[in-house]
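Good morning, and thank you for joining. I would ask you to look at the model on the screen while I go through selected features of it.

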Amino acid sequence: MEFDRVEVKGLVKVYGATRALIGVDATFDAGAVTVIEGPNGSGKSTLLNILGQLVRPTRGEVRYGELGVVNKGAVRGAIGILAHAAMVYPDLSARENLALYARLYGLRDPAAVLERSIARFEIGRWGERPSRTYSRGQLQRLALARALIHEPTLLLLDEPSTGLDVKGVRRLVETVAAERERGAIVALITHDPKLADELADTTVKLKRGKVVS
Amino acid sequence: MKELLRGTWVIAAKELKIELRTKEILVTAGLFGLLVTVLTSLAFFLDDDTSRRLAPGVLWVGASFAGVLAMGRAWAREREADAIRGLLLTPIPRASIYLGKMIGTWVFVMLIDMVLLPVVAILFRVDMSAELGTVALILVLGMTGYVALGTLFAAMSVRTRARDLMISVVLFPLSSPGLLAGVVATREVLGGTPFDETVAWLRILLAFDLVGIVAGLVLFEPLMSE
């Protein structure tokens with residue numbers, strides 16, 4: 001693991017006249033799932049995007065363990081993200097998408113990693129078809145495989161259960177639990193109280209951009 | 001530098017692979033460019049001399065309009081399924097995403113332009129056989145800077161609602177030095193001006209390319225981070 005803790009201190013994010021985050025402090029530890037709760041517009045996704053280096057904070061800092069406050073490929077390479085959108089190319093097959101990400105992450109022996117990933121998420125013959133033809137469940141398996149292909153240290157989950165059936169949610173829970181066992185730092189946004197209860201080790205509650213508990 | 005080149009190659013190869021499979025950009029932007037040249041040739045056909053004078057302008061109008069369409073479509077792929085978010089999280093230098101997309105789009109635009117060139121020559125009855133190499137060189141130089149700037153603004157369109165409107169409204173004024181130099185250089189070459197006398201225009205186009213590429217490399221990362 002590249003780092004064992006992520007700390008955010010005094011995080012402020014302002015979009016024009018809107019203050020999305022106002023002085024947020026939080027800690028995310030290895031081997032634990034931290035659920036980020038709050039109503040719509042409370043700043044959950046902004047916080048997750050800042051953790052993932054997709055959004056720059058207006059003020060404050062994010063420390064990635066021993067790596068400190070950095071914005072480099074080394075940190076990005078240790079982050080995996082899973083959201084409602086699969087973040088794959090619909091004209092490429094599951095196999096081609098995963099091979100692309102294996103190359104982008106510069107993995108050693110990408111062919112072996114690809115086969116392991118395909119076996120882990122039970123991507124069968126359907127994985128040869130373009131991903132725009134997949135069902136929601138198949139797309140979720142591909143999205144999970146993509147997010148985890150490089151065994152990320154920090155796993156960010158942004159409402160990943162949206163639109164999934166019971167079986168899909170079960171697979172998601174099992175995968176997140178396995179990642180926690182592996183020692184990953186997991187940050188999860190969900191509006192599903194059952195999912196939160198099942199997975200949460202700690203909780204960060206946000207309201208109007210502030211941590212309330 | 002090694003990581004920049006590796007990332008650029010992976011992204012460019014992905015662009016070409018998707019396009020080889022779908023042919024979406026080549027067909028839509030190519031047909032649009034052809035439509036512009038054919039309609040213009042019908043609208044402005046007067047006599048051989050007038051046609052020859054119009055040909056450089058029509059060639060560049062067709063090429064630049066098809067180019068805008070190609071750049072917009074290339075980035076629409078990144079919006080679909082939010083693929084750009086996954087791409088931005090990978091450890092490759094973000095400049096390599098820009099360069100890879102630019103190279104991919106440049107290839108598509110060049111392929112379209114290499115079809116437009118003989119079509120314009122036929123429709124406007126211009127014998128380009130002696131100047132074909134020079135005209136192609138001018139087109140390559142002009143379109144390189146145009147695609148470099150266009151890729152940057154098309155990337156911004158991923159994060160804005162105005163999208164295609166913004167590409168056109170911002171890109172055409174900023175590309176005007178390159179487009180104007182390209183049209184004038186093509187006109188001079190087809191008008192019989194010796195190659196030596198067009199070198200100044202080629203230098204302007206080369207400077208336009210350098211400015212476009214450097215601007216893209218420097219500005220891409222800040223523009224893609226909110």
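I begin with chain A, where strand E1 (residues 5-15) and strand E2 (residues 18-29) run antiparallel and are joined by eight bridges. Strands here are DSSP runs of E with at least two residues, helices are runs of H or I with at least four, and both are numbered from the N terminus. Two strands count as paired if DSSP finds at least two bridges between them.

Please note that this is a predicted model: local features need pLDDT of at least 70, side-chain atom pairs count only at pLDDT 80 or more, and totals for chains, interfaces and linings use all residues. Residues are numbered from 1 along each chain as its sequence is written, while chains are lettered from A and ligands numbered from 1 in the order in which they are written.

Within this pairing, A:Val6 lies opposite A:Phe28 of E2(A). The two strands form a hairpin with two residues between them, and A:Gly16 in the turn has a positive phi of about 60°. E1(A) also pairs with strand E4 (residues 59-64) of chain A, in the antiparallel sense, over five bridges. There, A:Lys9 has A:Glu61 of E4(A) as its bridge partner.

Let me turn to the interface. In chain B, 20 residues are in contact with 24 residues of chain A, contact meaning that C-beta atoms, placed from the backbone, lie within 7 Å. Which helix gives the most to the side of chain B that touches chain A? That is H1(B), with five residues. The residues on this side divide into nine nonpolar, four polar and seven charged. For these classes, Ala, Val, Leu, Ile, Met, Phe, Trp, Tyr, Cys and Pro count as nonpolar, Asp, Glu, Lys and Arg as charged, and the others, Gly among them, as polar.

Chain B itself has eight helices and zero strands. Its C-alpha atoms fill a box of roughly 55 × 35 × 30 Å, taken along the principal axes.

Finally, a helix pair. The axes of helix H2 (residues 24-43) of chain B and helix H5 (residues 94-123) of chain B come within 10 Å and cross at roughly 20°; axes are lines fitted to C-alpha atoms, for helices over the stretch in contact, and angles run from 0 to 180 degrees between N-to-C directions. Residues making this contact include B:Gly30 and B:Gly33 of H2(B), and B:Leu111 and B:Val115 of H5(B). The contact residues divide into 13 nonpolar, four polar and no charged.

Key. Two residues are in contact if their C-beta atoms, placed from the backbone, lie within 7 Å.
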